[in-house]
Amino acid sequence: MAKRDYYEVLGVAKNASESDIKKAYRKAAMKYHPDKFANSSDAEKKDAEEKFKEINEAYEILSDAQKKAAYDQYGHAAFENGAGGAGGFGGGFGGFSGNAQGFDFEDLGDIFGSFFGGGGRGRSQGPRVKEGEDLRYNLELTLEEIAKGVEKEIKYKREGKCHTCHGSGAEPGHNMKTCPKCNGSGHIRTQQRSIFGVQVVTQECDECHGTGKIPEKACSTCHGTGLEKETVTRKVRIPSGVETGQRLVVRDGGNAGGNNGIFGDLYIFITVKKHDIFRRDGFDIHCEVPVKMTTAILGGEVEVPTLDGKTKIKIPEGTQSGTIFRLRDKGIKQPSSDRRGSEIIQVKVEVPTNLTEKQKDILKEFDDTLGSKNYKEGKSFKDKIKRFFQKFEG
């Protein structure tokens, strides 16, 4: 089975920062850690284990500047046959030595602590701020829009902060108090017996949901969640040159986290609509332009479409069908640059149909006046045919 794109595995864009990659890795590793599937079916366990390995493999490459540069240039081929050491991930965390660039033991602590109780440093040891879910928005763009970049207004629904309690979950006039169930720690420790003896397991408090605080009196609007449905309208700047499948991230554009938690992110997935006239090739665009037979023979000017409007090009006398013309700086603008690609025009000479008898006679008379010098390509081809058949002659 072909490997998935590492950026897709972690859910980040190619221009994601080191901190964004680390954040995405933590979230994905937490979601698919095998210990979360201890009571699941064998099929679910296997699927989680495979995804967990895939996440670890993606992070090892994208967290290392040199490996990331090689992957951006050559893809998975950069690490085949042992070239980059991307493979070899065993179960659990066996594939990491703990010293890969961009990888530290705090990452392990946050992940292990969620399952084994205080095993590491950071947010897993105490009350934590709730983070809202990320959201997806599908945006369809035209070739004209992505040619120079565009600002689009998008509208979507999300879980926002309650307008009454401003996200705290407490009725106005009432404060938050320490959760009595976890004594403000945000976690509850329980003992479990196993073949290895008694183990202490730390789980998120189901009363305060890990925040360590509960309202003295729950908000009457949101019933203590701190959340409320809202419709968001915002303007998003789309850079030039984006392609179908690319994703843009709007920080804090996702759902709000409960009880004054932080917002998740909004991921905008780009689709560029197929154009009726132009075909894209990187930052260049291609199109076919029909030219009358008489114009191709005698020469002249023809009007052609561009992304900036109409323009005219000069057709030299004797232009053949398939001839290529290049209009520089008429293609797609490169991001973070003033440079634009070209428009590649291919001439398609139109042969007239439904001729009258008079028109046919005129063409026959005209054809009788033509000699081999008027058909350079044809003469060359005939010479090649002649030499070919000479091989079969005695």
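**View 1. Cys-205 and Cys-208.** The closest cysteine sulfur to that of Cys-205 belongs to Cys-208 and lies 3.8 Å away, too far for a bond; a disulfide is a pair of cysteine sulfur atoms within 2.5 Å. Cys-205 is buried, at 0% relative accessibility (buried means under 20% relative accessible area, exposed over 50%, partly exposed in between, with a 1.4 Å probe and protein chains only). The model is predicted, so local features need pLDDT of at least 70 and side-chain atom pairs count only at pLDDT 80 or more, while totals for chains, interfaces and linings use all residues. Residues are numbered from 1 along each chain as its sequence is written, and side-chain values use heavy atoms, with hydrogens and water left out.

View 2. Cys-222 has a relative accessible area of 5% and is buried. Across the whole structure, the search finds zero disulfides.

**View 3. The open sheet E1-E9-E8.** Three strands form this open sheet in the order E1-E9-E8, with mixed pairing. Strands E1 (135-141) and E8 (247-250) stand at the edges; each has a single partner strand, so one side of each lacks a neighbour in the sheet. From one strand to the next, the twist averages 25° (axes are lines fitted to C-alpha atoms, for helices over the stretch in contact, and angles run from 0 to 180 degrees between N-to-C directions). Strands (E, at least two residues) are DSSP runs numbered from the N terminus, and two of them pair if DSSP finds at least two bridges between them.

**View 4. Pairing of E1 with E9.** Seven bridges join E1 to strand E9 (residues 266-272) in the parallel sense. Asn-138 stands opposite Phe-269 in E9.

Conventions. Helix = DSSP H or I, 4+ residues; strand = E, 2+ residues; numbered from the N terminus.
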